[in-house]
Amino acid sequence: MKAAVIHEQGAPEVLQYQDMPDPVAGPDDVVIDVEAISLEGGDLLNRSILPVETFPHIVGYGAAGRIAAVGAKVTQLKVGDRVAAFNFAGSHAEKFLAPAATAFVVPNGLDIGIAATMPVAFGTADEALFEAGGLKAGETVFIQGGAGGVGIAAIQLAKAAGATVIATAPSSVDPARLQALGCDHVITYDRTDYAAEVLRLTEGRGADLVVDLVGGDAAAVSKLISTVAYKGRLSVVGLASGSAPSVAFWDIVPKNMTVRGVLFGIEMGTPRGRSMIEELFARAATGELTMPIERSFPLAEAAAAHRFVEENRPLGRVLLIP
Ligand SMILES: NC(=O)c1ccc[n+]([C@@H]2O[C@H](COP(=O)([O-])OP(=O)(O)OC[C@H]3O[C@@H](n4cnc5c(N)ncnc54)[C@H](OP(=O)(O)O)[C@@H]3O)[C@@H](O)[C@H]2O)c1
């Protein structure tokens, strides 16, 4: 098969389009003939900085298509099923190997490209808001990193749950597009002091829940914690800034606040994770949930696609098509 492969980490141009052996399904796996690959925020980090065990390495967490092979123990899926799936690597390829536990049947009528974006973005957002963050109707949530895939999913889910939603976006994004998805207040983070703005919008109280998709050093995290309400919660999810978050513990003590880490990939295949994703797919099939697709690139142009995302900071997702 053809795949976009890295032999070293670095800028988008480390991605090489080349032949690789076809993956073989283990007993609990499926192999998917890929129709659409979701270019995740985490894929950029995996290509550039997150630890990689061996090279050559096929980058990528999420893709969708038709099942080409199933492992001997797989009973709930069959060859030909249309699925969207997650694995910790391997999506940037014509064939994607994934555990059957993290492969989800795509409902009829749901676009395969949107389906490819859903397990990681919507699953992570749901986990950060509700399982980790305990968000309830009437509360205020602040989402740092609202214009990316997980942020867009979190905006829609939080609004549907009856929360007031505040989110950051870069000035390259039209705030009206996030408002149309349910964001009550968009803060242009590269032009405005976001922490002062969150406090202003909450009349000095801070947000009941903060979802952090951005990370940063202790000073950046201290600033973020200044936006959390007394006895509020912080869901720590990502490092889109390129810097893993570190917390000054004394910041959290006087607030009696709760900090929760989220790594949804290891929860997705549990019965709870699976029913969550199945429900999210059902809601997407009705049109209640969606993901803006900014652009598609051929898989052969994976390097150009990664560069496009890094330079243009689009709203939502870019797809790769084998
Ligand atoms: N823990 C988990 O289970 C899990 C699951 C999925 C994803 N993640 C992580 O969560 C993060 C978000 O994922 P994603 O797919 O939504 O990423 P994405 O699509 O790349 O979006 C990231 C967003 O963060 C913004 N951002 C970057 N640096 C910022 C800064 N310094 N201040 C404010 N905003 C900033 C980006 O804006 P610009 O365009 O201006 O940079 C963009 O809107 C990634 O780090 C990803 O690895 C974690």
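Mentor: What follows is a set of questions and answers on a predicted model.

Trainee: Which residue ranges make up domain 1 in the domain assignment of the chain?

Mentor: The assignment gives two domains, and domain 2 covers 133–261.

Trainee: How many residues does domain 1 bring to the contact with domain 2?

Mentor: The centres of the two domains, taken over C-alpha atoms, are separated by 27 Å. In the contact between them, domain 2 takes part with 17 residues, and the number from domain 1 is 17.

Trainee: Which residues of domain 1 lose the most area to domain 2?

Mentor: About 1300 Å² is buried between the two domains, and carbon and sulfur atoms give 62% of that area. On the side of domain 1, three residues together account for 43% of what is buried there, and they are Leu45, Arg313 and Leu315.

Trainee: How many residues on the side of domain 1 that touches domain 2 are charged?

Mentor: Between the domains the count of salt bridges is 2, and 3 residue pairs are found in polar contact across the interface. The residues on the touching side of domain 1 divide into 9 nonpolar and 3 polar, while the number that are charged is 5.

Trainee: What is the volume of the second largest pocket?

Mentor: Its lining includes Met20, Pro51 and His57, and the lining residues divide into 5 nonpolar, 2 polar and 1 charged. The volume of this second largest pocket is about 160 Å³.

Note on methods: Residues numbered from 1 in each chain as written. Predicted model: local features only at pLDDT ≥ 70, side-chain atom pairs only at ≥ 80, totals over all residues. Heavy atoms only, no water. Domains from an automatic or database assignment. Contact = heavy atoms within 4.5 Å. Buried area = accessible area lost by both parts, 1.4 Å probe. Salt bridge = Lys/Arg side-chain N within 4 Å of Asp/Glu carboxyl O. Polar contact = N/O pair within 3.5 Å; in protein donor to acceptor, adjacent residues only side chain to side chain. Nonpolar A, V, L, I, M, F, W, Y, C, P; charged D, E, K, R; others polar. 1 Å grid on protein atoms, 1.4 Å probe; cavity = no way out; pocket = protein on both sides within 12 Å on 5 of 7 lines; lining within 4 Å. Points joined across faces, edges and corners; volume = space filled by probe spheres on them.
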